[in-house]
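These are my notebook entries on one protein model. I set down what I looked up, entry by entry.

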Amino acid sequence: MAGMSGRAQLMWDEAVTGYDFGPDHPMDPVRLALTRHLVDAFGLDKDVEVVAAKPAGESTLRLVHREDYVDAVKAASADPEAADGAYGLGTMDDPAFAGMHEVSALIAGLSVGAAEAVWSGDALHAVNFAGGLHHAMPGGASGFCIYNDASLAIARLLELGAERVAYVDVDVHHGDGVQAAFWEDPRVLTISLHEHPRTLFPQTGWPEETGADSAEGSAVNVALPAGTGDAGWLRAFHAVVPELIADFRPQVLVTQHGADTHFEDPLAHLAVSLDAQRAVQVACHELAHEYAGGKWVALGGGGYAVVEVVPRSWTHLVGIAAGREIAPEAVIPEGWRQEVFARTRQLAPARMTDGRWPVSWAEWDAGYDPADRLDQAVLATRRAVFPLRGLLA
């Protein structure tokens, strides 16, 4: 491993595709398999070290999750019919399935392994696109998430001695589980950009949610109006995130890249393109280098356009982390497109773009419109959080 120091790692184990809630559930694990194969089709395996990690063990899981909840997951995993709904298990969102504990612990272990590699210097960047399961709470499953691998990765960094970890979540849904895990901990800055809680699960992530009294200003929420597209999404990101990261100076940057902000995603109401998602991935990479010594852990998350969007978005993410960005206009290898049709009977996209590159947005410093709904959302966040951190709103 020492000889690989500084190289990007891709955390992967084929067994993660066993995270499967059933044929009628929107979180189809084919999205993971297709992403992995698209990474391979572009030859990115030569630019990353592909690493499997051990499943998270009891002591690791308990860094975030209660012992009784872990026991409940194990029981449901052994006997799905006996799942305890009091823990959010066996519900429509989180149906119990055989082996649920094992595969959930594996995904968590991959994210924890990514954090360990980056902290130790074995890798500069590490990606686990099977991770980003940000809704799981200390004592319950929620929103397709059993164990909160993002929180566990951050908790492991703190255990290893990190004093400042920043978490940036651009999934369309609020990163509520990660916020909850570190609500009282000023060592962790959580920033979530998401569709407004009035119109989307989990109905949290209001700008007024800024952290406990012991950690005021450590939780940041940008609640975006339904229908927000590329220019608004990128404007909001750049109006909030870089200034906070520059002030906080994290030792590690952990980012969550749920692809469900996309205009084709069936479960939400933003109108973001693949090209804008790529632009934010590039921005996160740059922020890691500018303020965190390059230490970057990048996770997946939501994304339910499992053929059209998710594999392309996360393959871009792997390419950026690997130092070999894939051009938006790049033609997708025909072999991958044939595999997509064979597995899903869907036609695959032909290029790595939605045709919107380069994406552009208006910088916040150039002025804002107090009557504009997007600008109102940004203002609400800046006014709620920035003064708590000694910054001008």
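This is a predicted model: local features need pLDDT of at least 70, side-chain atom pairs count only at pLDDT 80 or more; totals for chains, interfaces and linings use all residues.

Entry 1, terms and source. I take helices (H or I, at least four residues) and strands (E, at least two) as DSSP runs, numbered from the N terminus. I number residues from 1 along each chain as its sequence is written, and side-chain values use heavy atoms, with hydrogens and water left out.

I find eleven helices and eight strands in the protein. The radius of gyration is 19 Å, close to the 21 Å of the globule rule for 393 residues, so the protein is as compact as a globular protein of that length. I note that this radius is taken over C-alpha atoms and that the rule is 2.2 Å times the number of residues to the power 0.38. Along the principal axes, the C-alpha trace spans about 55 × 50 × 45 Å.

I call a residue buried under 20% relative accessible area, exposed over 50%, and partly exposed in between, with a 1.4 Å probe and protein chains only. By that scheme 61% of the 393 residues are buried. The accessible surface of the protein comes to about 14100 Å², and 51% of it belongs to carbon and sulfur atoms; the areas come from the Shrake-Rupley method with a 1.4 Å probe, and for residues only the protein chains shown count as cover.

I define a contact as heavy atoms within 4.5 Å. Among contacts between residues at least 6 apart in sequence, 77% join residues at least 24 apart. For charges, I count Lys and Arg as positive and Asp and Glu as negative, leaving out His and the chain ends. Each charge is placed at NZ of Lys, CZ of Arg, CG of Asp or CD of Glu. The mean positions of the 27 positive and 54 negative charges are 5 Å apart.

I treat two strands as paired if DSSP finds at least two bridges between them. Which strands pair with strand 3 (residues 125-128)? Strand 1 (residues 9-11) runs parallel to strand 3 and is joined to it by two bridges, with Leu10 opposite Val127. Strand 8 (residues 296-299) is also parallel to strand 3, through four bridges, and here Ala126 stands opposite Val297. Strand 7 is joined to strand 8 by four bridges, again in parallel; Val254 has Val297 as its bridge partner.

Most residues other than glycine have a negative phi, and most peptide bonds are trans. The bond from Phe201 to Pro202 is cis, with omega near 5°, and Pro202 sits in the loop between strand 5 (188-195) and strand 6 (219-224). The bond from Trp357 to Pro358 is cis as well, with omega near 0°; Pro358 belongs to the loop between helix 10 (334-344) and helix 11 (373-385). Arg249 has a positive phi, near 50°, in the loop between helix 7 (230-248) and strand 7 (252-256), and is partly exposed at 44% relative accessible area. Arg345 has a positive phi near 60°, lies in the loop between helix 10 and helix 11, and is exposed at 58%.

Beyond neighbours within four places in sequence, Gln179 is in contact with His174, Thr190, Glu209, Ala219 and Asn221. Gln179 and Gly140 are 39 residues apart in sequence and 15 Å apart in space, C-alpha to C-alpha. Thr353, in the loop between helix 10 and helix 11, is buried at 19%. Not counting residues up to four places away, Thr353 touches Leu274, Asp275, Arg312, Pro328 and Glu329. From Thr353 to Ala292 I record 61 residues in sequence and 29 Å in space, C-alpha to C-alpha.
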